[in-house]
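Here are some notes to read alongside the model. Please keep the viewer open as you go through the points.

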Amino acid sequence: MADWFSRRQFLINAGLAGLALKSPSLFANTSGTPSLSPIMRRIPGANESIPAIGMGTWITFNVGGDEQLVAQRTRVLKTFFDLGGTVVDGSPMYGTAADVIGEALDSLDAHDRIFAATKIWTGDESETRQEAARSGRRWGLDQFDLLQVHNLLGWQGHLETLKQMKANGDVRYIGITTSHGRRHREFAQIMEREPLDFVQLTYNVLDREVEDRLLPLARERGIGVIVNRPFQGGSLFRRFQSEPLPGWAGEAGVSNWAEFFLKFIISHPAVTCAIPATSKVEHMKENMGALYGALPDADQRQRMADYVGSL
Amino acid sequence: MSGADWLSYSLQDFVMFGPQVFLRLFVRINQDLWPWQVLAVVAAIGIPVLLFRQKRFERRLAVGLMAVAWAVSGYGFLVGYFGPINWPAVWFGWAFVAQGVLLAAAMFSGGVREAALPSGRFVALWLIVVCGLPWLAVAESGQWQALALFGIAPGTTAAAGALIVAVITGPWRWLYLPLLVLWSLFSAAMFWVLQAWWLLVAPMATLFLVGAGSWLSPRTAQSPD
Ligand SMILES: NC(=O)c1ccc[n+]([C@@H]2O[C@H](COP(=O)([O-])OP(=O)(O)OC[C@H]3O[C@@H](n4cnc5c(N)ncnc54)[C@H](OP(=O)(O)O)[C@@H]3O)[C@@H](O)[C@H]2O)c1
């Protein structure tokens, strides 16, 4: 990532300058001085940091061969990169999303700006390498930064191959995923035994089960945590967007509901990155606002959860 | 997977695309097919006319056109356009093609009523379907280019195809019914998740028309033969 840092930083700053002009309060931290550096998180056990807000692609990037929508999603991805994002999460399960990411990366000439994370999603445990290669062709990448076993499907066989692939330098990081609170007991057992770089799981201001076991375990074992469904698939907005933000939101570094939901997540000390999905440039701008400014402390996090619980 | 895991799945988890992408399929196929839609409109109007004619050949042509409509909307819309963003659509697409083949086979094997259809009610319902249902996608998307025409869009085609039950006889009818019911349930569930309320009318109409088609069929309709 070092080679492109200066070009990238320039683009980020250019994008931020635009956003700051549009919304001067967006990047004001609690001390009132503007903060233009993105919130980065170190990958445990690695000498590398990634931005704490990434991007998911389930549903939002599955637009098939619709050129008009591919161009629109390309603008969403461009906004994401321009505002400092790098981590993009996909899966062969997401229909044409992989092809759309590939096309968007081509037209943005942005293959070197992405931290590419996809999944192995096949019950055939001998297909790990082939599926990774197929995904690589669709994304237009020689290699992924992170390969994860999707929803633990065939995890024993896949994980063995992924460990070999990592040892051979065919992938940089490996992991497993779950969502919706499924199979947490088995998930924890794998986290205890296997040399994982990342786990991906569901965590948001309403779904907090992982705080009890999985998040502490990730810290203990030095495993990075990617958080999926940060908006509970969008239902958090449907439920709460019509409500006012609490009066103290500004103190917690929050200026809209997207930041409220995302900052709650990334301020947990075990969390490396949250991956909200969106099909809209405006929403992407809101979501990327959470990558900047102050983060809530432990007390404020509790108040955030209590506030949402009271609505 | 444990029972508790299965319980954590909802209909939502199985719909892998958004409403905007789905509605754009109608716009895209109309743009790509232009001006061949004219043939679909001619077929939609021609089928009830031909079913009323006295010549056997003309009535067979009507059923043949319906068979082609099943196959074209299945292969064109479902396999070609919808399939890439939603895998089950491909299976339904091939099932639509098979339904067309089934109808053609019924026609050549005595499974289709040979006498002219006497019912003006059939024509009225048919016209409501082929002229009314195409506008549901327009109402939902706000774009007239999304017109879901008979013979191109699967929902309108299936609803019209449900009325054709009226001319299918014997065991052929039982072979013809399952796809109508399965497609209606599948598309209703999908539109429910997408919250595409206008589109929900099409599967509900299809189920109603299966009943209407049976009611208008030779056993209940008074045949002049
Ligand atoms: N097992 C697994 O591995 C697994 C499971 C689930 C998810 N994931 C990953 O996690 C990612 C995120 O989860 P998700 O996509 O299920 O749900 P999510 O990110 O919690 O929510 C996405 C929804 O939120 C809406 N949204 C986004 N930003 C918004 C904003 N600023 N204002 C209002 N609405 C907004 C989007 O609608 P718009 O398009 O209108 O913005 C979309 O409908 C997925 O895309 C996928 O990559 C992985």
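The points below go from conventions to the ligand site, then to the cores and some local backbone details.

1. **Conventions.** This is a predicted model, in which local features need pLDDT of at least 70 and side-chain atom pairs count only at pLDDT 80 or more, while totals for chains, interfaces and linings use all residues. Residues are numbered from 1 along each chain as its sequence is written, chains are lettered from A and ligands numbered from 1 in the order in which they are written, and side-chain values use heavy atoms, with hydrogens and water left out.

2. **Chain A overall.** You will find 11 helices and 10 strands in chain A; helices (H or I, at least four residues) and strands (E, at least two) are DSSP runs numbered from the N terminus. Of its 311 residues, 59% are buried, where buried means under 20% relative accessible area, exposed over 50% and partly exposed in between, with a 1.4 Å probe and protein chains only. Among contacts in chain A with a separation of 6 or more, 78% join residues 24 or more positions apart; a contact means heavy atoms within 4.5 Å. The chain exposes about 12,400 Å², and carbon and sulfur atoms supply 49% of that area. Accessible areas come from the Shrake-Rupley method with a 1.4 Å probe, and for residues only the protein chains shown count as cover.

3. **The ligand shell.** Which residues are closest to the ligand? They are A:Asn151, A:Thr278, A:Ser279, A:Lys280 and A:His283, out of 31 residues that surround the ligand (a residue is near if one of its heavy atoms lies within 4 Å). By class, the shell has 9 nonpolar, 17 polar and 5 charged residues. Here Ala, Val, Leu, Ile, Met, Phe, Trp, Tyr, Cys and Pro count as nonpolar, Asp, Glu, Lys and Arg as charged, and the others, Gly among them, as polar. Helix α10 (residues 281–289) of chain A gives the most to this shell, with 3 residues.

4. **Polar contacts to the ligand.** A polar contact is a pair of N or O atoms within 3.5 Å; within protein, one must be able to donate a hydrogen and the other to accept it, and residues adjacent in sequence count only if both atoms are side-chain atoms. A ligand nitrogen is 2.6 Å from a side-chain N or O atom of A:Asn151. An oxygen of the ligand lies 3.3 Å from a backbone N or O atom of A:Gly234, and a ligand oxygen is 3.5 Å from a side-chain N or O atom of A:His150. The protein covers 89% of the 900 Å² of accessible area that the ligand has on its own.

5. Is A:His150 buried or exposed? A:His150 counts as buried because its relative accessibility is 4%. Its place is the loop between β6 (146–149) and α5 (155–167) of chain A. Beyond its neighbours within four places in sequence, A:His150 is in contact with residues including A:Lys119, A:Ile120 and A:Trp121. A:Glu131, in helix α4 (residues 128–139) of chain A, also touches A:Lys119, A:Ile120 and A:Trp121, among others. A:Glu131 is buried, with a relative accessible area of 8%.

6. **Nonpolar cores.** A nonpolar core is a set of buried Ala, Val, Leu, Ile, Met, Phe, Trp, Tyr and Cys residues joined through side-chain atoms within 4.5 Å. The largest has 163 residues, and those with the most contacts inside it include A:Leu77, A:Leu201, B:Phe22 and B:Trp126. Helix α4 (residues 56–82) of chain B supplies the largest share of this core, 10 residues. Apart from it lies another core, of 12 residues, among them A:Phe115 and A:Cys273.

7. **Backbone details to check.** The peptide bond from B:Trp34 to B:Pro35 is cis, with omega near 10 degrees, and B:Pro35 lies in the loop between α2 (19–33) and α3 of chain B. In chain A, the loop between β7 (173–177) and α6 (184–193) holds A:His180, whose phi is positive, near 55 degrees. A:Arg183 is found in the loop between β7 and α6, and its phi is near 50 degrees, again a positive value in a residue other than glycine.
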